[in-house]
Amino acid sequence: MWRLVCPRCGFRGEEGRYYPFCPICRGPLEIEGEPPRYMNLLGEGRTPLAFRRTRLGVLGFKLEYVNPTGSFKDRGVSPSVQLARDLGYRCVVEDSSGNAGISTAAYAAFLGLEAVIATPSSAPEGKKRVLRLLGAKVVELPTREDAARFAEEASTRCFYVSHARSAVFLEGMRSVGQELPGDVRSVIVPSASFSLLIGLWRGARSRPRVYAVQGVENPSLARYVKPLAVGSSGTSGLADGLVLKDAPRAPEAASILKESGGGLVLVSDPEIAEATKELWSMGLPVEPTSAASLAAARLLQENGYDVEGAVLLLTGTGLKLHDLIARL
């Protein structure tokens with residue numbers, strides 16, 4: 001049996017009961033005991049790792065965009081929605097600018113659950129259309145913070161997937177690290193809520209250097225870690241997956257960067273746009289948020305860091321954003 005506990009304030013939940021976050025201090029929770037184990041529902045995980053010679057040297061590309069709904073979020077959503085079903089919920093809720101919501105809507109539809117997705121009004125129209133096509137109820141709100149508050153309030157009746165704080169979602173991220181070869185020296189990870197970065201680190205068979213990539217507009221890690229490199233402009237709106245201004249798991253992510261010998265890179269729109277075009281020209285149709293990893297690799301090399309052999313996480317498909325990609 002398992003329970004959820006809070007390392008920040010010491011809260012210990014009831015056995016087998018789900019909490020999206022600590023009910024006392026609202027911090028992220030951890031699983032104590034044997035975590036719930038669920039089947040691979042739609043084929044999530046076990047994504048390809050392709051090494052290519054580039055202008056920066058040989059780089060590895062972990063193709064997370066070939067997950068069932070086109071992003072790495074499927075790894076955490078799958079166990080979350082299966083747990084929701086087993087706990088008797090008929091509804092799931094998530095706050096998302098796109099990919100987490102799309103994943104939640106798809107897995108909920110597969111299991112016959114209602115999905116309510118709260119999005120900021122600035123979320124890409126293509127992603128909101130996909131949400132509606134999957135049968136989700138889309139609630140548009142002015143900001144990402146408003147969307148999060150809506151989802152928290154809805155958690156009184158719906159299972160809150162809460163990819164930024166849920167211990168169950170985070171547990172699903174371990175598989176990324178488990179799939180990496182043991183000799184990988186460094187990984188570059190686009191990071192907003194840090195579930196992918198932390199899960200990768202916990203699941204990895206070795207201890208690679210970890211570089212987190214954030215947009216210059218929302219550098220939540222910069223309060224804990226001095227950036228190794230910074231982009232050329234003050235905007236990073238192209239990377240819609242990096243808009244989260246604050247994340248409860250940021251302190252743990254910062255500790256991982258320090259322990260691993262990696263660091264933080266802040267990218268901006270010019271580098272993101274150029275990296276997006278380069279990846280598409282290589283036959284890798286990613287969204288700009290994913291391309292932030294290549295933009296970061298280039299900035300690292302320009303600042304004297306060795307990126308040879310690094311594995312870049314390509315987190316989401318660009319096919320949902322074909323109109324934006326065409327403009328680039």
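Q: Which cysteine sulfur is closest to that of cysteine 22, and how far away is it?

A: A disulfide requires two cysteine sulfur atoms within 2.5 Å. In this predicted model, the closest cysteine sulfur to that of cysteine 22 belongs to cysteine 9, at 3.5 Å, which is too far for a bond. Cysteine 22 is buried, with 0% relative accessibility.

Q: Where is the closest cysteine sulfur to that of cysteine 25?

A: It lies in cysteine 6, at 3.5 Å, and this separation is likewise too far for a bond.

Q: How many disulfides does a search of the whole structure find?

A: The search returns 1 disulfide. The bond links cysteine 91 with cysteine 158, with an S to S distance of 2.0 Å.

Q: Which parts of the chain does the pair tie together?

A: Cysteine 91 belongs to strand β5 (residues 91-95), whereas cysteine 158 sits in the loop between α4 (144-154) and β8 (159-160); the pair therefore ties together parts that are 67 residues apart in sequence.

Q: Is the disulfide right-handed or left-handed, and why?

A: Handedness is read here from the torsion about the S-S bond; for cysteine 91 and cysteine 158 it is about 80°, so the disulfide is right-handed.

How values were computed
Residues are numbered from 1 along each chain as its sequence is written. This is a predicted model: local features need pLDDT of at least 70, side-chain atom pairs count only at pLDDT 80 or more; totals for chains, interfaces and linings use all residues. Side-chain values use heavy atoms; hydrogens and water are left out. Helices (H or I, at least four residues) and strands (E, at least two) are DSSP runs, numbered from the N terminus. Buried means under 20% relative accessible area, exposed over 50%, partly exposed in between (1.4 Å probe, protein chains only).
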